[in-house]
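Please consult the sequence and the model shown below.

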Amino acid sequence: MPSVHHVLETALYCDDVSRAAAFYRHTLGLQTLFEDRRLAALDAGRETVLLLFRRGASTDGVPTPGGRIPGHDGSGPLHVAFAVPQADLSEWEARLAAQGVAIESRVTWGRGGRSLYFRDPEGHSVELVSPGVWTTY
């Protein structure tokens, strides 16, 4: 059986893509790969991309020169987790506080990993998580 390497893209759906993209650039330091009225694609590190779609803008799919992208959309508060070194969690917590981003929750996992949870401007649950959560991480 062929193997899967890793998740390449994660999508969040937003009412204000520009505001959400600015939050991820300013708060987490993600770099923009592409941005237009429909979406912003941000480099989420190590061959991963965070896609921020304008809510409802992709339900019909999108034709491209190479083929059609099937329709998709989402509603409500979704979740995304970013892997960070455990040694950097205190620095991340200080950075979030300095930027006025409230920590919603802190979790210490049974395998030794730790998580910080907060919300983006669209209400999505964002997690910074260190190794020691899953058997694979």
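## Contacts of L50

In this predicted model, L50 touches T10, L12, Y24, L30, A40, A41, L42, A44, V80 and F82, when residues up to four places away in sequence are not counted.

## Nonpolar cores

L50 also belongs to the largest nonpolar core, which has 25 residues. Together with L50, the residues with the most contacts inside this core are Y24, L28, L52, F82, F118 and L128. Two or more residues each come from β1 (9–14), α1 (17–28), β3 (39–43), β4 (49–54), β7 (79–83), α2 (89–98), β9 and β10. Of these elements, α1 gives the most, with 6 residues.

Strand β8 (residues 105–108) pairs with strand β9 (residues 114–119) in the antiparallel sense, over 4 bridges. Within this pairing, R106 has L116 of β9 as its bridge partner. The two strands form a hairpin with 5 residues between them, and G112 in the turn has a positive phi of about 105°.

Strand β9 is also joined to β10 (residues 125–129), by 5 bridges and in an antiparallel arrangement. Here the bridge partner of F118 is V126 in β10; F118 is also among the residues with the most contacts inside the largest core. A hairpin is formed by β9 and β10 as well, with 5 residues between them. In its turn, G123 has a positive phi of about 90°.

Conventions. Residues numbered from 1 in each chain as written. Predicted model: local features only at pLDDT ≥ 70, side-chain atom pairs only at ≥ 80, totals over all residues. Heavy atoms only, no water. Pairing = 2+ DSSP bridges. Core = buried A, V, L, I, M, F, W, Y, C linked by side-chain atoms within 4.5 Å. Buried < 20%, exposed > 50% of the residue type's maximum accessible area, 1.4 Å probe, protein only. Contact = heavy atoms within 4.5 Å.
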